[in-house]
Amino acid sequence: MPSKKENIENLQKKLGEVLGLERAAQKAVDELIAMKLLKSDSKNEAKEIQDEASTHEEKIQEVVNAFSEDKNIKLDTAKVEESAKETEEKANKIMKTYLGENPDASEALEFLCLAEGGEVSHYEVLQAICENFDNKKALTTVKSILKEEQKHLTQCIEMAKSVVSS
């Protein structure tokens with residue numbers, strides 16, 4: 001069982017990671033559209049996912065603020081932001097590596113599946129960490145976002161399958 005200090009450190013790191021992934025997701029959609037890899041239906045769905053990523057980023061920032069103002073936790077927002085930047089940079093690098101030189105629509109959508117899968121796993125772990133703290137609002141927020149991320153993953157899988165089967 002982690003100590004209180006370890007729980008707080010884990011919370012800071014994981015909140016930063018999900019913030020970084022949400023930011024990277026928003027940029028990825030813009031880049032994939034700019035590269036003309038997302039067309040019509042998948043482009044519209046990706047834009048919806050992008051909008052929700054922006055909302056998730058705002059909600060997680062509220063969770064960060066709540067934990068930083070909690071006198072028993074005193075979350076270090078600078079460490080959260082450092083983790084967010086590092087994660088966003090890693091995600092952008094992974095996208096460039098994954099897509100390579102001449103990506104097609106299938107690869108673009110499969111990358112979105114990979115990204116959404118990463119978000120789902122990070123939110124699952126964040127949920128487990130949040131259960132160590134007495135903050136029902138934070139836990140409810142994370143659970144709500146997790147459900148939406150699971151839907152995003154399913155959407156992305158369906159988009160990727162439709163591109164290769166039509």
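I began in helix 1 (residues 4-34), where lysine 5 and glutamate 9 both sit, four residues apart, about one turn of the helix. Helices here are DSSP runs of H or I with at least four residues, numbered from the N terminus. The model is predicted; local features need pLDDT of at least 70, side-chain atom pairs count only at pLDDT 80 or more, and totals for chains, interfaces and linings use all residues. Residues are numbered from 1 along each chain as its sequence is written, and side-chain values use heavy atoms, with hydrogens and water left out.

**Confidence.** I looked up pLDDT, the predictor's confidence in each residue, from 0 to 100. The protein chain averages 94, and 99% of the residues score at least 70.

**Salt bridges.** I took a salt bridge as a side-chain nitrogen of Lys or Arg within 4 Å of a carboxyl oxygen of Asp or Glu. By that rule I have 10 salt bridges.

I returned to lysine 5 and glutamate 9, whose side chains form a salt bridge at 3.7 Å, N to O. For exposure I used relative accessible area (buried under 20%, exposed over 50%, partly exposed in between; 1.4 Å probe, protein chains only). Lysine 5 counts as exposed because its relative accessibility is 60%. Glutamate 9 has 39%, so it is partly exposed.

I then checked glutamate 57 and arginine 23, which meet in a salt bridge at 2.9 Å, N to O. Glutamate 57 and arginine 23 are both buried.

In helix 3, I found glutamate 86 and lysine 90 four residues apart, about one turn of the helix. Their side chains make a salt bridge at 3.4 Å, N to O. Glutamate 86 is partly exposed because its relative accessibility is 40%; lysine 90, at 48%, is partly exposed too. I also noted a network in which salt bridges that share partners join Lys13, Lys14 and Glu17.

**Charge patch.** On the surface, I noted a patch of positive charge formed by Lys136, Lys143, Lys147 and Lys151. Patch residues have over 30% relative accessible area and no salt bridge, and like charges are joined within 9 Å. Lysine 143 belongs to helix 5 (residues 136-165). Its relative accessible area is 37%, so lysine 143 counts as partly exposed.

Note on methods: Patch = residues over 30% accessible without salt bridge, like charges linked within 9 Å, V, L, I, M, F, W, Y side chains within 5 Å. Areas by Shrake-Rupley, 256 points an atom, 1.4 Å probe, with all protein chains shown as cover. Lys, Arg positive; Asp, Glu negative; His and termini not counted. Charge placed at Lys NZ, Arg CZ, Asp CG, Glu CD. Helix = DSSP H or I, 4+ residues; strand = E, 2+ residues; numbered from the N terminus.
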